[in-house]
Amino acid sequence: RSLDIIIHGFDVTSQEVNKGFREAMKYACQHWALHLEKARHEDAQTAEKLCEFVRNCLRSWFQLAREINTDSDVDDLYLAIEIASAWAVCGNVTLR
């Protein structure tokens, strides 16, 4: 669900959070990787959402996470990417 919030809550064209998504985006930006880590590797829908996130939202997520979660540091963001990468490797997901 956190990946869905990020994918649909961010307007890539305007580089802004869609109206009504700010609080949900704050939570999702902080916790999406931990939720992903708990997902089953056989879940094709989750794998597709991860690929969509990487293709369309990764850079925007990084910028937005730094903006709305001022108490987080780069290490937290790097850890999220490491968790996603490890999940993809275990599930043989090709991030395209």
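Me: What separates E52 and K49 in helix α3?

Reply: In this predicted model, E52 and K49 are three residues apart in helix α3, which means that about one helical turn separates them.

Me: Why is the meeting of E52 and K49 called a salt bridge?

Reply: The side chains of E52 and K49 meet at 3.8 Å, N to O, and because a salt bridge asks for a side-chain nitrogen of Lys or Arg within 4 Å of a carboxyl oxygen of Asp or Glu, the pair qualifies.

Me: What makes D4, K49 and E52 one network?

Reply: Salt bridges that share partners join D4, K49 and E52, for the side chain of D4 also meets that of K49, at 3.1 Å, N to O. D4 lies in helix α1 (residues 2-9) and K49 in helix α3, so this pair ties together parts that are 45 residues apart in sequence.

Me: Why is D4 called partly exposed?

Reply: The relative accessible area of D4 is 21%, and because buried means under 20% and exposed means over 50%, a value in between is called partly exposed.

Me: How do you know which side of helix α5 the buried residues take?

Reply: In α5, the residues L77, A80, I83, A84, W87 and A88 are buried, and they cover an arc of only 130° around the axis, which puts them on the same side of α5. What covers these buried residues includes α2 (22-38), α3 (44-56) and α4 (58-68), whereas the face turned away from the buried side carries the exposed residues D75, Y78, V89 and C90.

Key
Residues are numbered from 1 along each chain as its sequence is written. This is a predicted model: local features need pLDDT of at least 70, side-chain atom pairs count only at pLDDT 80 or more; totals for chains, interfaces and linings use all residues. Side-chain values use heavy atoms; hydrogens and water are left out. Buried means under 20% relative accessible area, exposed over 50%, partly exposed in between (1.4 Å probe, protein chains only). Helices (H or I, at least four residues) and strands (E, at least two) are DSSP runs, numbered from the N terminus. The arc is that of the directions from the helix axis to the C-beta atoms. Contact means heavy atoms within 4.5 Å.
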